[in-house]
Every structure is written in C-alpha cells, then in structure tokens.
Amino acid sequence: MTTPDPDGLLAEQLLRLTRRVHRIQKRHLEQHALGITPAQSRLLRTLAHFGEPPRMADLAESLEVVPRAVTTLVDGLEAGGKVRRVPDPANRRVTRIELTDEGRGALREVRGARLSAAEEILAPLTEGQRAALGELLDTLVGTVPTGQHRC
C-alpha cells in the first residue's frame with residue numbers, strides 16, 4: 001500500500017482554499033452591492049498604495065498581470081466612476097490612473113467586505129492557529145511580517 005503524496009495533498013488543499021476565499025470574497029462584495037468584481041477590488045487596493053497616480057504599466061507590474069488586463073479593469077471602474085484617467089503633468093503621452101471620491105468610498109466598502117470574508121474563513125481557527133497560519137503564509141509568499149493584526 002502506498003501513502004498519499006503529502007505535497008500533492010497540500011497543493012490541492014491550497015487550491016481549494018484559494019477558490020473558497022475567492023467565492024466568499026465575491027459573495028461579500030455582492031452583498032455590499034458595489035458592482036465591483038474581486039479583480040477590480042484588487043486593482044483599487046493596489047491603486048491606493050501608490051503615492052501618486054500610477055501609469056497602467058505600473059499597475060500591471062504590481063498586479064503581476066498583462067497591461068491589457070489592467071485596461072479592461074480600469075475601463076470598468078472608470079465607467080462606474082471609481083477611477084479616472086488623468087494626463088501625466090511631465091509627459092503628455094502618458095496617462096495615469098487615480099481614484100475618485102466615489103472610488104475612495106468604494107475602497108472603504110471593499111475593505112469592510114474583505115474583513116467580513118476573512119473573518120468568515122478564519123472563524124474556525126483559534127488566535128494561536130491564526131498567528132501560526134499568518135507566519136506560514138508569510139514564509140510561503142516571501143513577505144516580512146509586519147506585526148499588524150491580520151484579517
């Protein structure tokens with residue numbers, strides 16, 4: 001009798017968890033009636049981390065996607081009034097993307113939806129298990145722990 005491949009099992013568990021996180025986040029976003037997809041919410045969150053409005057290429061690099069994917073996301077968010085394209089003051093051929101007031105409000109709602117989704121996912125875990133999971137995830141994604149509370 002052979003034993004199951006533990007790495008294969010872990011990989012499958014991670015993929016199932018990723019799909020579950022995506023479904024739960026999508027449901028929470030829909031409950032907030034923002035009209036924003038998980039991919040658009042990720043773009044809004046990424047956009048908020050830039051000190052000045054970024055170029056599409058900067059967003060694509062940060063999101064680790066092709067520029068065309070960013071164009072589609074920005075088009076949808078712009079149509080919904082969440083972002084706008086603005087000319088670069090130093091180079092008129094460059095367009096930058098900035099959050100609108102409506103986009104900042106949506107970002108607050110997105111953060112609330114994400115916290116609710118995270119709480120739902122993490123509910124079965126004790127505080128110690130959550131801390132251990134956070135450390136393991138930091139190791140896997142290659143980040144330095146921030147010491148901030150995760151959710």
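## The K82–E102 salt bridge

In this predicted model, E102 is partly exposed, with a relative accessible area of 44%. Its salt-bridge partner is K82, with the closest N and O atoms 3.2 Å apart. K82, by contrast, counts as buried at 10% relative accessibility. The pair links distant parts of the chain, 20 residues apart: K82 lies in the loop between α4 and β1, and E102 in helix α5.

## Other salt bridges

The structure holds eleven salt bridges. One of them pairs R96 with E52, at 3.8 Å between the closest N and O atoms. R96 lies in strand β2 (residues 95-99) and E52 in the loop between α2 and α3, so this pair ties together parts that are 44 residues apart in sequence. R96 is buried, with a relative accessible area of 16%.

Another salt bridge joins the side chains of R85 and D75, at 2.7 Å from N to O. Because R85 belongs to strand β1 (residues 83-87) and D75 to helix α4, the pair ties together parts that are ten residues apart in sequence. R85 is partly exposed at 29% relative accessibility, and D75 is partly exposed at 35%.

## Helix packing

Helix α3 (residues 56-63) packs against helix α4 (residues 67-79) at an angle of about 110°, with the axes 8 Å apart; the two are therefore roughly perpendicular to each other. M56, L59, A60 and L63 in α3 meet P67, V70, T71 and V74 in α4. This contact has seven nonpolar residues, one polar and no charged ones.

Helix α2 (residues 38-48) and helix α5 (residues 101-122) pack at about 115°, with their axes 10 Å apart. Their contact has five nonpolar, one polar and three charged residues.

Technical notes:
Residues numbered from 1 in each chain as written. Predicted model: local features only at pLDDT ≥ 70, side-chain atom pairs only at ≥ 80, totals over all residues. Heavy atoms only, no water. Axes fitted to C-alpha atoms, helices over the stretch in contact; angles between N-to-C directions. Helix = DSSP H or I, 4+ residues; strand = E, 2+ residues; numbered from the N terminus. Parallel < 35°, antiparallel > 145°, perpendicular 65-115°, else oblique. Contact = heavy atoms within 4.5 Å. Nonpolar A, V, L, I, M, F, W, Y, C, P; charged D, E, K, R; others polar. Salt bridge = Lys/Arg side-chain N within 4 Å of Asp/Glu carboxyl O. Buried < 20%, exposed > 50% of the residue type's maximum accessible area, 1.4 Å probe, protein only.
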